[in-house]
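Hello,

I am passing on a structure for you to look at. Please open it first; notes on what was found in it follow below.

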Amino acid sequence: MRSFFCENTSIDVFICKRKGGATLLDERYLLLFERFGKDTELGDPVEVKLEQLSEVLYCTPRNAKLILKKLQSEQLIDWSPGLGRGNQSKIAFKVDKEAYLIEFSQSLAEQGNYKRAFDLIGVHATGTFAKSKFLEWLDKQFGYKKEEAGEGQHPQDTLMFPVSKPPLTLDPAELLVSFDSHLIRQIFDRLLRFDVQQGSIMPMLAHAWSSNDSATEWTFHLRKGVRFHNGQELTSRDVQFTLERLQNGTANSWLMRGVASIETMGPRAIRVKLSRPNRFFDRFMCSAAASILPHGFTGMEEADYWELPLGTGAFRLISWTTGRMELAAFDAYFQGRPYLDRVDIVILPGDCALDIDENAKVHHSLDTMRLYPHSQEEAWQEIEKLCQGCALLTWNVSREGPQQSEALRRAVKMMLHPGEMVEELGGERVLPAFGFRPETSRSHTVEPIRPERIRRALEESGYAGEILRIACHPKYNEDGLWIMNRLTEWGISTEAVDYEFWSDADFCISGLVFPEDEVCEIEAYQHRDCIMHSYFDEERKQWITGRIDEAVAAESADRRRKYLKEIEDHVRDEATVIFLHHRRVSTLMHPSVRGVSLNSLGWIDFQNVWLE
C-alpha cells in the first residue's frame, strides 16, 4: 500500500490494494468524486439525494447504500444519510482524486491490465496531472534491473520492455512477422543457424550434416543431451514430427517444397530426400520457421500446447496473458545458461502505446526499442544500425483495375520520388530505396523527377480517374498519407482502407525485413501470407518459382544471386513493386549493461545480455 497526504486536509489516508488488486470499489469512488466532489474542498460535505447516487453507480438505492457503507469503512468518504422528511443526505470525500487515480492506475498496470489503466486515466484525469505522473511512473518500470533477492538467494537480473502489439503466433510453421520470429528464436532452436557476421551456416541442434552430390538427399546428425524445457531429450522423432507438420499446408510450407520423404535413422540422425536439387536446403533449416517442436506436443492437445509452448531454447515461456509475457532462463540450455534471469514483455494496447510514445518517450517497435535512461543521458550509449530490408509499395495485380496497366504503375513510380520522401518525412527513414537491400540502393544514382515522362506514361495508361484503394501497415501510415497527397497532385484518386483488409486493396504500403540472406528474399515471394505472394497473379508466381528452383539448384552463390536478382529487377522494372526507403533501428544502453547488440531482426538477443 502507499500513503498519500491529501492537499487541503489533515487526513492521512491509505489507498489500499485489496486482495486481487484494484477493485470495482475503487472505480466507484472515482465516479462519485467526478460527479459530486470535484467542485468542493476535501472533507467538506455535499448535499445529495440517494437517488442521484444510485443513478451514478448504476444500481438500486438499496445497493447504493451498501456501496456507500463499504466506501466509508475504507475511510474514503463520510456518509450521513438524511433522516426524516426534508433532510438531505450528505457525502464528504476524504481522498484526493489525483492521488487516488494514480494509485489505482498503477495497481492495474502492475496486474498487467494496461488497457483498463489507460481507459481509467482517459475518463478521470481531466483537470489533474494524473496522466503525466502515471506515464512518468510507467516509464521508470522499463529497462534492465538487478533485483535484490532474499538471504541466501542470488539477485535476479531482469529485462522489462513494452511492445505495442502481442505476437501474432509462436507457432514457427505460421510465423510471418519479425517480432514473432525474435521470440521464437528465444524459445526454440533450429537444426542449424546462420551466422550473419561470418556469412556461413553453423551447427545448432545438429552437430554435423551432409548431402549427396546431386543435393537431393540431406542427412543431419543431432547432438546428445539436448533437452526440451520439460526435461525430455531431443531425438530424431521430434525433427521428423516438426518437418512433416511444416510440410502439411502451413504458411511456411514453402521451406519443404520438393521434399519427398523424411526418415529417421536411429534416435540421433534424420534423412530428408528431395524430388529436385536444392543446394540451399541446409540454409532453409536455419530458418526460425523450421524451429524444432517436441514430438506429438508431448502428449498435449495442440491448443493446450500453444498456450505455453516449450522448446529447447535459451528461455522458457512461463506466463502469457493479454497484457504480459514472461520468459525465464532455461538452466539446462545446451549452449550455456543465459545471464539474464527473466525477460518481462509488457503488451500495451495500441492506443496506450501512442500515449507512451508522445508522453513518456519509451519506444517499443522494431524501428526503435529505446530503454529510456533514468540517469544522466551522457552516460548512455546509443546502438544503431541500418535495417536490412525496406519499405515498399506493392500493386495487387491479381485483381482487375487500373493497376493492371504497366504504364500507370511506371507513372506512379516516377511520381513517388524516394529521395523526396526521405527528405520530407525524415525520422527513421535514412536512405532512398531502389531495391530490397541497402547495399543495392547505395550504388543507385537518384534521378530528378521528369514531369513530361510522367504525363506521357499517364496518357499511355488510359487512366480515367478511377479510385485506387490503398492499405497501409500502421507503421507506415505517414508514408501512406504522403503517397496519397502526391498522387492527388497528379490527378490520381485514392481511398484508404483499413490494413486488416489489405488483400482487397489495389496497392499496399508495408515493409520487409531481411534479417539474414537470400532465404528471407525467397520467403517474401513464397510465404503463403506475404503480400507479394497474395498480390501476384499465377503467371508471375509460376515464373518466380521457376527462377527460385534454378537459384537453389545453382552450384555457386554467385549464380544463385544472379537468379534472385533477375526476379528483383523484373518486379522493379515492371513496377509491380515500388521501393521507397530503408530505415534505421536503434536502442539506448546503460553503461552497466554488457553484451547488447542489435541482431539481424533489429532486436536485442536476450541470451547475450549481462549486467555488471
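The largest share of the lining of the largest cavity, three residues, comes from α19. This is a predicted model, in which local features need pLDDT of at least 70 and side-chain atom pairs count only at pLDDT 80 or more, while totals for chains, interfaces and linings use all residues. Residues are numbered from 1 along each chain as its sequence is written, and side-chain values use heavy atoms, with hydrogens and water left out.

Helices (H or I, at least four residues) and strands (E, at least two) are DSSP runs, numbered from the N terminus.

Cavities

A cavity is a set of points, on a 1 Å grid over the protein atoms alone, where a 1.4 Å probe fits but cannot get out; lining residues have an atom within 4 Å of a point. Points are joined across faces, edges and corners, and a volume is the space filled by probe spheres set on them. The count comes to four cavities of 30 Å³ or more. The volume of the largest cavity is about 120 Å³. It is lined by 17 residues, of which Arg257, Asn278, Phe284, Asp549 and Val552 are the closest to its centre. Two or more lining residues come from each of α9 (281-284), α17 (518-526) and α19 (538-553). The lining has 11 nonpolar, three polar and three charged residues (Ala, Val, Leu, Ile, Met, Phe, Trp, Tyr, Cys and Pro count as nonpolar, Asp, Glu, Lys and Arg as charged, and the others, Gly among them, as polar).

Helix packing

α17 also packs with helix α20 (residues 557-573), at an angle of about 35° and with the axes 11 Å apart. Axes are lines fitted to C-alpha atoms, for helices over the stretch in contact, and angles run from 0 to 180 degrees between N-to-C directions. Glu518, Glu521, Ile522 and Tyr525 in α17 meet Arg560, Arg561, Leu564, Ile567 and Glu568 in α20, where contact means heavy atoms within 4.5 Å. By class, this contact has four nonpolar, no polar and five charged residues.

Sheet

Three strands form an open antiparallel sheet in the order β3-β5-β4; two strands pair if DSSP finds at least two bridges between them. β3 (46-48) and β4 (77-80) are the edge strands, each pairing on one side only. Four bridges join β4 to β5 (residues 89-93), and Asp78 has Ala92 in β5 as its bridge partner. Helix α1 (residues 24-37) lies across β3, β4 and β5, running at about 110° to β5.

Regards

Note on methods
On a 1 Å grid over the protein atoms alone, a cavity is a set of points where a 1.4 Å probe fits but cannot get out, and a pocket is an open set with protein on both sides within 12 Å along at least five of seven lines; lining residues have an atom within 4 Å of a point.
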